Amino acid sequence: MSPQTLITDARNTWCPGCGNFTIQFALRNAIQKLVEEGVPLENIVLVTGIGCHAKMADYLNINSFYSIHGRTIPVATGIKLANPDLTVLCCAGDGDAYAEGLDHLIFAAKRNSDITVIVHNNRVYGLTTGQYTPTSPLGFKGRSTPGGTVEAPFNPLSLMLTSGAGFIARGTTRRMTGLKDLISRGLRHRGFAFIDVLQICASYFNASELYDRHGYDLSGHDPADFEAACRKVEEWDYNRDAPIAFGLFYQHEKPVFEDQFPHLRVASAEREKAITKILDTKR
Amino acid sequence: MADLSVLTGGRAGDGINSAGLLVSHLFNRMGYFTYMYFDYPSLIKGGHNFTITRAADNPVGACRERVDVVLALNQDTIDFHRDLMHDGTVVIFDSGKATADGQGVPVQEILKTEQAPAVMGNSCMIGALAGATGIPFAVIEEIFRKQIPRGLEKNLAVARKGYASVKQVYRVEQRVQEPLPLLSGNEAIGLGLLHGGLEAFVAYPMTPTSNLLHFLAGVAEDYPLTVVHPENEISVILMAHGLAYAGKRTAVGTSGGGFCLMTESFSMAGTNEVPVVVVMGQRTGPSTGLPTYTGQTDLHFMLHAGQGEFPRLVVAPGDATQASAWSARALSLAWSCQVPAIILVDKTLCEGITPLQDGAFPPLPDGGHPDGPTSGPYRRYTITDSGISRMLHPPVPGSAVKVNSYVHDEAGITTERADLTISMTEKRLRKGETLRRETGALDPVVSFGRGGAATTLLCWGSTLPVCREVAGSLGFRVVQPVVLSPFPGEQLKEALSGTERVIAVEENALGQLRMLCARHDIGVDAAVLKFDGRPFAVEELGRRLAEVA
């Protein structure tokens with residue numbers, strides 16, 4: 001399999017310099033690695049929301065469910081429930097995962113659905129031409145908040161820790177190698193894997209300088225240590241200037257949601273037998 | 001002709017629904033057709049609950065305005081329902097909790113003597129009912145053995161004392177009819193869905209379909225069915241999308257408020273062609289309305305919910321047997337025609353309990369639409385004459401299965417091209433016509449009663465049984481469109497031809513079926529409408545018809 005076969009011939013319409021190119025490259029390489037490790041390509045399914053990130057569904061030549069805004073995660077859980085042999089991942093925007101569909105993110109972490117969620121967190125709405133998102137810094141001047149936002153961002157990493165996520169990582173489009181590695185590890189993690197990707201938006205919020213100046217790769221951090229993870233995710237609150245760590249903050253394996261459900265195919269004769277049995281109890 | 005109605009009443013939390021069901025089983029075992037109505041307020045404990053079980057020689061699906069026996073577990077049951085009693089109504093009451101003219105049962109003393117817990121008081125009253133109506137005690141034994149096997153001996157001992165404590169006032173004759181399976185509408189829908197090949201059910205609890213969730217969750221205890229209760233209705237329908245995309249036949253259950261949350265994804269099913277099936281139980285609206293009472297106010301919502309234009313299947317069964325059959329068909333049609341489907345029911349049908357009759361599990365069309373190429377790279381949305389493309393589910397070796405909520409090309413890749421927008425719209429329209437042909441072959445309009453009758457009652461959904469009963473006694477005909485989308489206009493015109501007067505009977509304020517008929521140039525001469533959250537009683541409908549006939 002050549003890397004080229006993973007790309008469709010759909011015309012790419014991301015802006016020049018868009019962070020999505022980096023994520024696409026990292027994701028493609030991670031998928032290729034997964035296939036090399038023995039996962040059949042046809043067993044990989046991508047679910048996307050709506051926004052610039054979501055065009056990934058058109059651009060990657062793999063199974064895809066191009067969903068509606070905010071609604072990647074329940075679809076992904078449904079796919080995994082239907083067929084646990086599938087490797088299911090979501091590409092979601094920060095508007096998708098943190099605003100419109102925040103409930104689903106929290107619940108996927110709570111129930112430990114065996115899916116990988118990559119949040120393209122450019123901290124701005126791009127496709128709707130530049131409004132603030134839940135992770136935009138306080139005072140962000142967007143088109144809906146010309147005087148600057150009056151609400152502080154929340155920290156998705158601490159939210160995920162609180163919600164019970166078993167794999168919590170942060171990458172950035174400014175660090176390709178690390179990002180690819182995190183996606184690979186997320187895809188291999190048994191259970192819910194969450195990767196916040198600080199992505200630059202070339203048109204509406206190019207925070208490259210911020211991420212380069214404050215960013216560093218986590219080292220000497222034990223991802224099995226919950227309390228250390230709690231301290232580490234609080235280092236930067238997505239608002240003030242502070243060191244921004246990239247890497248795996250927390251990893252913990254626990255029972256997987258989809259393992260608790262049956263995955264048998266039932267012959268129709270068996271089905272009718274079950275119906276007859278139930279009817280007999282009702283007489 | 002035997003026609004006996006028993007009201008069983010008590011406090012919420014006292015197991016009135018279960019007691020009423022046991023009353024139904026008594027008459028079922030005696031060879032009668034039964035119908036049970038359950039009336040309860042939206043609270044857990046302390047309010048007033050009652051059931052009315054009607055037993056008759058013929059199938060019935062509605063209550064009479066008067067009851068013949070009142071089984072009172074408390075004083076409220078006697079005080080609240082005086083308007084339902086006639087001169088000959090027999091009141092059997094727990095003499096420790098109520099006083100009345102009638103037969104008192106010393107339930108508390110009996111429980112004390114038998115050292116039985118308070119919860120067995122209902123068994124005592126059931127025993128008394130059997131005693132008063134001349135039903136052999138052996139019938140109680142059979143029923144208890146099957147329906148409440150826990151604490152059987154003690155329940156029977158208590159019931160026996162209740163049985164002996166009253167004098168016989170009726171003599172219910174044993175009829176020659178095998179006991180029929182007594183099912184709630186929700187259970188009938190659940191079994192129908194299973195018959196249709198259901199593999200997964202997803203729901204967030206909401207009256208009146210919560211019990212469908214409970215029933216299927218129970219089925220899943222020993223049958224490989226995936227039943228999920230996620231965080232909200234948005235998640236419910238999206239999980240269904242994911243399950244169906246990956247090949248599992250899936251349905252969801254909700255009521256109007258929950259469906260409001262689902263509409264965006266319902267519309268997505270219109271364009272991504274993932275078969276999503278919704279069991280939609282109506283209750284009194286708008287908004288929270290009367291949560292535990294009935295209504296038929298969501299027909300037009302179901303016909304139009306979701307942005308954009310796309311074909312959908314909407315079926316409105318009228319009784320449990322139809323509910324089972326059409327749930328199976330709806331699931332089957334949703335998959336064969338790749339359209340979203342709605343099984344539109346209401347509280348009356350969902351929670352009413354009747355025997356399931358022949359025809360509940362019809363043979364299903366195999367549903368293949370082997371249209372389009374089967375070789376070459378797989379394209380999910382290949383343009384075909386039927387409008388229906390081959391639906392494969394991942395994994396498909398060598399092919400990517402791409403579904404999309406945007407306008408897309410045949411491969412499922414997003415497009416904004418005008419020509420593709422047109423061809424995909426026309427594909428959807430052709431699918432609608434295919435669906436119309438498929439439903440047309442399944443008797444989408446059913447007629448009952450005398451052919452050539454001058455007057456026809458036109459109804460939809462759960463008003464069918466009461467219409468049938470009243471029409472039977474008045475010599476009217478009943479016509480019921482079961483399929484409401486695609487609207488079977490031609491079949492309905494044919495069914496109504498020759499009749500002089502068409503009267504719509506609906507439980508809403510606007511006459512929604514009548515409005516729909518008008519759009520299809522089908523004349524309706526009068527409408528009998530009811531919107532108090534309660535289903536029509538037999539006599540009530542007769543009176544209302546006399547006003548407009």
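In which loop of chain B is B:P395 found? In this predicted model, B:P395 lies in the loop that runs between β14 (353-355) and β15 (402-404) of chain B, and a cis peptide bond, with omega about 5°, joins this residue to B:P394. A cis peptide bond also joins B:S485 and B:P486, here with omega about -5°, and B:P486 is placed in the loop between β19 (483-485) and α16 (489-496) of chain B. As background to these bonds and to the backbone angles described next, most peptide bonds are trans, and most residues other than glycine have a negative phi.

Positive phi values in residues other than glycine were found at B:Q338, where phi is near 55°, and at B:D443, where phi is near 50°. The residue B:Q338 belongs to the loop between α12 (320-337) and β13 (341-346) of chain B, whereas B:D443 belongs to the loop between α14 (418-440) and β16 (445-449) of chain B.

The surroundings of these two residues can be described by counting neighbours. Because 26 C-beta neighbours lie inside 10 Å of B:Q338, and a residue is buried if 20 or more other C-beta atoms lie within 10 Å of its own, B:Q338 counts as buried. For B:D443, by contrast, there are 12 other C-beta atoms within 10 Å, and since a residue is exposed if that count is 12 or fewer, B:D443 is exposed. Thus a positive phi is seen in the model at the buried residue B:Q338 and at the exposed residue B:D443.

Methods. Residues are numbered from 1 along each chain as its sequence is written. Chains are lettered from A and ligands numbered from 1 in the order in which they are written. This is a predicted model: local features need pLDDT of at least 70, side-chain atom pairs count only at pLDDT 80 or more; totals for chains, interfaces and linings use all residues. Helices (H or I, at least four residues) and strands (E, at least two) are DSSP runs, numbered from the N terminus.
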